[in-house]
Every structure is written in structure tokens, then in C-alpha cells.
Amino acid sequence: MEIKRWIPALFLAICVVQLAVPAKMIVDREITLSRGEVFRFKTAPVDPYDFFRGRYVRLQLEASSVSGTDTNRFEFRDRAYAIIEEGPDGFARFSSLELERPGQGAYLRVRVRYHDGSRIHLELPFDRYYMEESLAPEAERAYRQHSRRSAADAFIAVRVLDGRGVLEELYIGGKPVLEYLADESP
Amino acid sequence: MKSSHLKWLYRELPDLISRGILPEESASRLREHYGPVGDEDSRRRLALLIFGVFGAALIGTGILLLVAHNWDELSRPTRAAVAIGLLLFAQALTGWVVWRQPESIVLREAVSTFLFTAVGTCIALISQTYNIPGDLDRFLLVWMLLMLPVILLLRVRIPAAFYLGGITWWSFAAEDGWRPFFWLLVALLLPLLVKPSAGRTTRFLNGVLLWTAAPALALSGFAMIPVLETPWIVYLVTLLAALYAVGLQTLSGEAYRSPFVVVGLSGVALCSLFLTFEGLWQWQYREYNLESAAIALSVFGLALTVFALWTGYRMVRRGEWAPALVCVSPLVAGTAYLLVGTATGIVGALVFNIYFFALGLLMLIGGLREGALSSANVGLLMLTALFVARFFDVDVSLLVRGFAFIGIGLAFLFMNSRLLSRKKEA
């Protein structure tokens, strides 16, 4: 009987916890988007037989691996910090990988996927761009076209803050994807 | 007892009393024991419950589908606000029931089911809005853990069934080292089952939960394959035998009504049938690993084995040989596995061929002795399945196989007709 009187209060406490989880997801990312440094990552050449999975565009990035790091220090699924540097072409890449959080500079919290020889391949916190399902096939076609070796001008803009990276926009032909699709539609 | 049977009994009581067959006092005690026949109110409540929960689940799913449409027209903050708003609405609805109608099982089940889908939808929508990569295991775990306190607080079974489905799915998506924590997540639900059921609606809900739990627990055995490597066979058979033992120990009424008996027995029988094939054991022989056998025979596996064997001992004392043989399947699997390590792959297949044949035969004989058509047929079906399985393995002429099939078919017909005529005479 005593417990029954507490049920409404306990339920209220549970609601607060349930709200806290999505709220934290939103707040963390909004802070990163508003205060984070912008980096552009070029998309990698796409295998023409890749098929569109569901209602998002699957992204493949050129800078999804890092070299020049001792591969023996890292194992599958290890958490690590990838140091970001901007290349002469204005696009971001990873210069090195650390196990400890760096004290300064731009870095991204990543996971190790595997290494082959001297390169370590990374699992990045942005691998997809969600699209409205009727636009997705067109976006996928445009993305593939602009990611081929002959016309590689698709890239993503990512905001990075304290190791967290949030995908801001997908650019195709130099324009945000929705704007590109709107301009290209008859 | 079924309400139709109860109605019949209550109809007979006055006649039995008047003819002096049953004293008045015994009749009153019978009425007290079985309670009233399911009256119109409780049937209506059950119907309301079913429709209410379906409606809530459909609404929640419909909202999820709308979410999946990707509302590109809305700005990012607006989409985030919609996600939070949906969750707040579901919480407010549930809170109103908790505050105003806490005794209504129907409302509690319906709103908590809606809240269940709202929590998942909210997290999914935020993931879409911010293009967060899909870590399925993390998403499922967070979703289930956020709902668990609501399930325990409101004592709701339908969301508990969804929870079981969710954590079972999680056990397949999680990294190997985390998978055994599935059992901890299951154990967290135990307080829900402690209170004995009362009333038709609660019994129905408990039934839904138990019929979800049994297959979920059985399936989790497969999720442990990467954790245990080759000894997973021993673990799986042990798990299924333990489920069967739980069913036997808690049985009240007919065996087919117990989800643990049905799932456990089917699971042991199907696993055993697969283990009669030599190919699987040759793979075991090649990949044999005694070190990970130690993991399989860990405290948890040992506890399951002891429980199953103890139940088997009780069945032997009751003269129920077929159930006893199901309960000792962990020993059979363990023995086969150890023999494979010392000899060759075919030994494992041989052990299980003998075991499966013995199990089928005992079920057939037990069914014939007790006049139980279903047990006898299951036994004969098992023997037929073994024969068909060997049909693909063994090199025997088509003529022999043809005669054998005809023989088994005739045996089926003969046995069923004898049992049916015996029932009619009784």
C-alpha cells in the first residue's frame, strides 16, 4: 500500500530520465553545430554496383583511414582520437591517430575498424545522410555521379567540437543536396 | 479450467447434491475453489484490452512510419521539438492513467504500449535529424532500459513482451563480450512474474508474456554462438532442456498449454535431430576447443544442467521416462562433445542418433500406454523424421526406402485408429 502512494512520483522521475536521453542527444549536437569548427570531407569514388540502402544516402569518405601510425597499438573496435588537418585542397584528412584525448587542436572520436599494412581504417560518426524517401533515389544518383573518379566534387560539411562530429550538410556540385536536386529537376 | 467446463460442472452440482452423490459442503468448496464462471464483464474487459493494445500499437507504429517519411520541410529544431513533443504526449497520457485510473489494467496496458513506441520513435527521429550513425545494439539497449522502469512500476505485460523481443534482438546485435548480459536484462523482469495471477485478464496477459518469453530465451541460445565457439551446442541443448524443466516444474494443466514445455521439448527435439547429422560433428571435430568448453560449463551452464537433471530425476520417480530423457539431454550433448574431441566427428552423430531414436520410441510407447494420441503421434513423427534424415545420409536402395515409408505410414494409421477406438470404448 505504501508503495502505491509513491507510484505517481516514481513515474514522474522515470519520465525525466526518458526525456533526458533524447534531450542530451539534441543539446550535444546543437552545441557542436553552433560552436564547432567546419571541416569538409571529400566523398570517395563509389562502386557503381552499390545500392541505395533504405531512405538514406550511404556515404563513403576518402579520409576514412589514417597512415603513418603504429598499427600494433590499435585493435578492432578500439576507441581512438583522429587528429584532423586541412589539406592544400581545402579538404580535411586525418594526420594521425591517438589513444588518449589530445589536449588541443581539432580531433574526432572514432573507432578502429581494421588495419591493412600501414593504414588503419576508421569507423566515423557520420556515414549516412537521411533523405526524404521520394528524393532519395535522385540524391543517390547525383551522389554517385559526382563521386566518380572523373567528376569527384561531392563532399560533406561536418562541425567538430571536443571530438564530436555532426554532419551538417551534403554538397553535390558545390550546392547543398536539396538545392542541387531542386535546380536539376525539370 | 475452461469456462465451458466450469459451466458444465456448476450445472451438474445441484443434481449431484440432490442424489446424495456430493455433499453440499463439498459443492460449496468446489465453487469457492474455481470461482465464478467468466462473466460478461471480464470478457468485455479482455476484448477492450486486446483492442486497446492493438490500437495503441497501431497508432505508435503509424507515427513511426510518418517519422520514417523524413520531414525535410521542417527545420532541424522543429523536428527535434516534434520528437520530444511526441514523447511528452505519450508520457502525459500514461501519467494521467497512473494518476486517475491506476486500477484499470486495460488503460495501463494500452498507454504503456503507446509510450513504448513513443520512446523508440523519439530516439529514432533524433538520430535521423542529426544523421547519427546506426548503432543498432546501442539504440535497442537504450530503448529497452528506458522502458524497463515503466514496465515494472505499472506491472504491464504487453510492453514486457516487447521488451523481451527487444533484448533478444539486442543479444544478436551486441558485441560478443556483452551478449551474456542478456540474462541480466531478463532477470530484471522477474519481479513482474512474482505475484500470482488473478482474474481472466491478468491470466491472459501473463500468457502473452510467457509465450513471448519462452521462444525469446530459446533464441538467445543462438546469440551466444560467437561467445562460446564450438561448445555452443552443449550450451544450447542445456538451455532448451532447462526451459523444458521449468515448464514441467510449473505445470498446472495440460502440457501443451505450457509455453516452456512446448518450446523446450520442440527445441530439444529439433536440435537433437540436427545433431544426428555427421557433417555438423565433423565441423565440431575440426574446430574442437576444450578451453572454451570451460566457458560453456561455467556456473550458469552448470546451474541449468543441475536443474534439468534434478527435474529428470523427479520424472523418473514418477515413471515418466520420455520427459526424463529430455531433461538429461545436457549430459548427452556434453558426452557427445567430449567424445568428439577424443575420437572422431562421427561419434557425436552416433550418440545423437541413439538418443533421438530412444526419445521418439519412449514418447510413442508412453503415448500408447496412456492412450494419449498427441504424444504417440509426436513419438512416431520423431522416428519418421530420423528415418527421413538418414534417407539423405545412408546409401540404401529406393525399393527399401519405399517399403520403409509405406510401413511407417501404415503404422501411423494403425496406431491412430486403435487409439481412437480405445477412446470411444472408454
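B:A80 is found in helix α4 (residues 76–100) of chain B, where helices (H or I, at least four residues) and strands (E, at least two) are DSSP runs numbered from the N terminus. The model is predicted: local features need pLDDT of at least 70, side-chain atom pairs count only at pLDDT 80 or more, and totals for chains, interfaces and linings use all residues. Residues are numbered from 1 along each chain as its sequence is written, chains are lettered from A and ligands numbered from 1 in the order in which they are written, and side-chain values use heavy atoms, with hydrogens and water left out.

- B:A80 counts as buried, at 5% relative accessibility; buried means under 20% relative accessible area, exposed over 50%, and partly exposed in between (1.4 Å probe, protein chains only).
- Apart from neighbours within four places in sequence, B:A80 is in contact with A:I26 and B:Y130, contact meaning heavy atoms within 4.5 Å.
- From B:A80 to B:E12 the separation is 68 residues in sequence and 65 Å in space, C-alpha to C-alpha.
- B:S258 sits in the loop between α12 (232–249) and α13 (259–274) of chain B.
- With a relative accessible area of 8%, B:S258 is buried.
- The contacts of B:S258, leaving aside neighbours within four places in sequence, are B:W211, B:G247 and B:L251.

**Salt bridges**

- Side chains of opposite charge can pair when their charged atoms come close.
- Over all chains, the structure holds 12 salt bridges, each being a side-chain nitrogen of Lys or Arg within 4 Å of a carboxyl oxygen of Asp or Glu.
- One of them joins A:K24 to A:D28, with the closest N and O atoms 2.6 Å apart.
- A:K24 and A:D28 are separated by about one helical turn, because they lie 4 residues apart in helix α1 (residues 2–35) of chain A.
- A:D28 is buried, its relative accessible area being 16%.
- Another salt bridge links A:E123 and A:R77, whose closest N and O atoms are 2.9 Å apart.
- This pair connects distant parts of the chain, 46 residues apart: A:E123 is in strand β7 (residues 119–123) of chain A, and A:R77 is in the loop between β3 (65–66) and β4 (79–86) of chain A.
- A:E123 is partly exposed at 29% relative accessibility, while A:R77 is buried at 19%.
- In chain B, the side chains of B:D15 and B:R19 form a salt bridge (3.4 Å, N to O).
- B:D15 is partly exposed, with a relative accessible area of 34%, and B:R19 is exposed at 57% relative accessibility.
- A:K24, A:D28 and A:R164 belong to one network, joined by salt bridges that share partners.

**The sheet in chain A**

- Chain A has an open sheet of 5 strands in the order β3-β7-β6-β4-β5, with antiparallel pairing; two strands pair if DSSP finds at least two bridges between them.
- Its edge strands are β3 and β5 (92–98) of chain A, each pairing on one side only.
- β4(A) pairs with β5(A) in the antiparallel sense over 6 bridges.
- A:A82 has A:L97 as its bridge partner in β5(A).

**Confidence in chain A**

- The average pLDDT of chain A is 83, and 89% of the residues score at least 70; pLDDT is the predictor's confidence in each residue, from 0 to 100.
- Confidence in chain A is lowest in helix α2 (residues 136–145), with a mean of 76, and highest in strand β9 (residues 155–161), at 93.
- Over residues 47–54 of chain A, pLDDT stays under 50, and the model has 10 contacts beyond four places in sequence for these residues.
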